[in-house]
Amino acid sequence: MDILVILLLIIGLFFFLGGAVGIMRMPDFYSRLHPAGKLDTLGIFTMVMGLAIYNLHHFSFESLLLSIKMFLIVFFVFLSSPTATHSIVDAGMRAGLRHWTNKKRKG
């Protein structure tokens, strides 16, 4: 059980690290929103799943309720993250931010 928890936490850390690298490496505003929205949500999901499983190690009614609350947080993050990303893109479009174009193209 502890190995599963550690594995989930490491996977979550990997997703967060990938999101941070993606934000730093992407060329423009719109491209940076993709790793910010996707990988952070997956990182939260796997880390909270690991913490909820660890919390159920000593099973009781209180620990079950706490784990359910943790999964509800993940559910609301899953609902709000795409909505927030869409509203940020909409705000960027309204502000007149242009998409990145590769100006070094040959041909």
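Tutor: On a 1 Å grid over the protein atoms alone, a pocket is an open set of points where a 1.4 Å probe fits, with protein on both sides within 12 Å along at least five of seven lines; its lining residues have an atom within 4 Å of a point. Points are joined across faces, edges and corners, and the volume is the space filled by probe spheres set on them. Here the largest pocket has a volume of about 180 Å³. The model is predicted, with pLDDT of at least 70 needed for local features and 80 or more for side-chain atom pairs, while totals for chains, interfaces and linings use all residues. Residues are numbered from 1 along each chain as its sequence is written, and side-chain values use heavy atoms, without hydrogens or water.

Student: Which residues line the largest pocket?

Tutor: The lining consists of L33, H34, G37, K38, T41, L42, F78, S81, P82, T85 and H86. Two elements, α2 and α3 (61-95), each give two or more residues to this lining, and α2 supplies the largest share, six residues. By class, the lining has four nonpolar, six polar and one charged residues (Ala, Val, Leu, Ile, Met, Phe, Trp, Tyr, Cys and Pro count as nonpolar, Asp, Glu, Lys and Arg as charged, the others, Gly among them, as polar).

Student: How many helices and strands does the protein have?

Tutor: Helices (H or I, at least four residues) and strands (E, at least two) are DSSP runs, numbered from the N terminus. This protein has three helices and zero strands, in the order α-α-α from the N terminus on. The C-alpha trace spans about 65 × 30 × 15 Å along its principal axes.

Student: How is the packing of two helices described?

Tutor: One gives the angle between their axes and the distance between the axes. Axes are lines fitted to C-alpha atoms over the stretch in contact, and angles run from 0 to 180 degrees between N-to-C directions. Helix α1 (residues 2-25) packs against helix α2 (residues 29-55) at about 165°, with the axes 8 Å apart. The pair α1 and α2 is therefore roughly antiparallel (an angle over 145 degrees). Their contact comprises 19 nonpolar, seven polar and three charged residues.

Student: At what angle do α2 and α3 pack?

Tutor: The angle between α2 and α3 is about 180°, with their axes 9 Å apart, so α2 is roughly antiparallel to α3. The contact of α2 with α3 has 18 nonpolar, eight polar and no charged residues.

Key
Angles under 35 degrees count as roughly parallel, over 145 as roughly antiparallel, 65 to 115 as roughly perpendicular and the rest as oblique.
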